[in-house]
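Biologist: I'd like to learn how to read the packing inside a protein model. Could you walk me through this one?

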Amino acid sequence: MAGKNESSRIIIRLATPEDDKAAAELIFITGQGMFTYCFSHEKGKTLKILRLLFRMNVSEFSYAYADVAEIDNIIAGMIIWFDHAARAAIHKEEMSMGSKI
C-alpha cells in the first residue's frame with residue numbers, strides 16, 4: 001500500500017477470468033442472502049459457484065461483462081454491465097444453435 005506521502009495508483013480495466021476470486025467476493029457482498037439461498041448456505045460453496053460463473057463467457061456474472069478497479073494492483077471494485085439487446089441476440093443465437101443439434 002502507498003504511504004502517507006505516496007499517491008495510490010488507480011486503474012480501471014477489463015476484467016479477466018483470472019479475477020474470479022476477487023470478483024466472487026465483490027459479487028457475494030451485493031446479495032449475501034440471495035446467493036446463499038440460491039446456491040448454498042455455505043459461503044465457501046457459494047463463492048466457488050460465483051467464481052465459476054464469473055469465469056464463464058455466457059453467464060450474466062461473466063468477466064466478459066465486467067470492468068474492475070485496481071488500487072496498487074489490488075482489485076478494489078467492480079462493475080458488471082451488458083447491453084441487453086446484444087445479450088438477447090446472443091441468447092436467441094444460442095437457442096437456435098441448440099435446436100440444430
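Biologist: Which residues have the most contacts inside the largest nonpolar core?

Modeller: This is a predicted model, by the way. Its largest nonpolar core has 13 residues, and those with the most contacts inside it are A15, I27, F28, F35, L50 and F54. Two or more residues of this core come from each of α1 (20-29), α3 (43-55) and β2 (66-71).

Biologist: What does L50 touch, leaving out residues up to four places away in sequence?

Modeller: Counted that way, L50 touches A24, I27, F28, F35 and F39.

Biologist: Some of those are aromatic. How is a pair of aromatic rings described?

Modeller: You take the distance of the centres and the angle of the planes. Here the count comes to 3 aromatic pairs. Take F35 and F39: the ring centres are 6.0 Å apart and the planes sit at 10°, so this pair is stacked, as the angle is under 30 degrees.

Biologist: And are F35 and F39 buried or partly exposed?

Modeller: One of each. F35 has a relative accessible area of 3%, so F35 is buried. F39 comes out at 31%, so F39 counts as partly exposed.

Biologist: What kind of pair do F54 and Y63 form?

Modeller: An edge-to-face one, with 6.5 Å centre to centre and 65° between the planes. F54 is buried at 0% relative accessibility, while Y63, at 21%, counts as partly exposed.

Biologist: Which residues do ring pairs link into a cluster?

Modeller: That would be F35, F39 and F61.

Notes. Residues numbered from 1 in each chain as written. Predicted model: local features only at pLDDT ≥ 70, side-chain atom pairs only at ≥ 80, totals over all residues. Heavy atoms only, no water. Phe/Tyr/Trp six-rings, centres within 6.5 Å; stacked < 30°, edge-to-face > 60°. Buried < 20%, exposed > 50% of the residue type's maximum accessible area, 1.4 Å probe, protein only. Core = buried A, V, L, I, M, F, W, Y, C linked by side-chain atoms within 4.5 Å. Helix = DSSP H or I, 4+ residues; strand = E, 2+ residues; numbered from the N terminus. Contact = heavy atoms within 4.5 Å.
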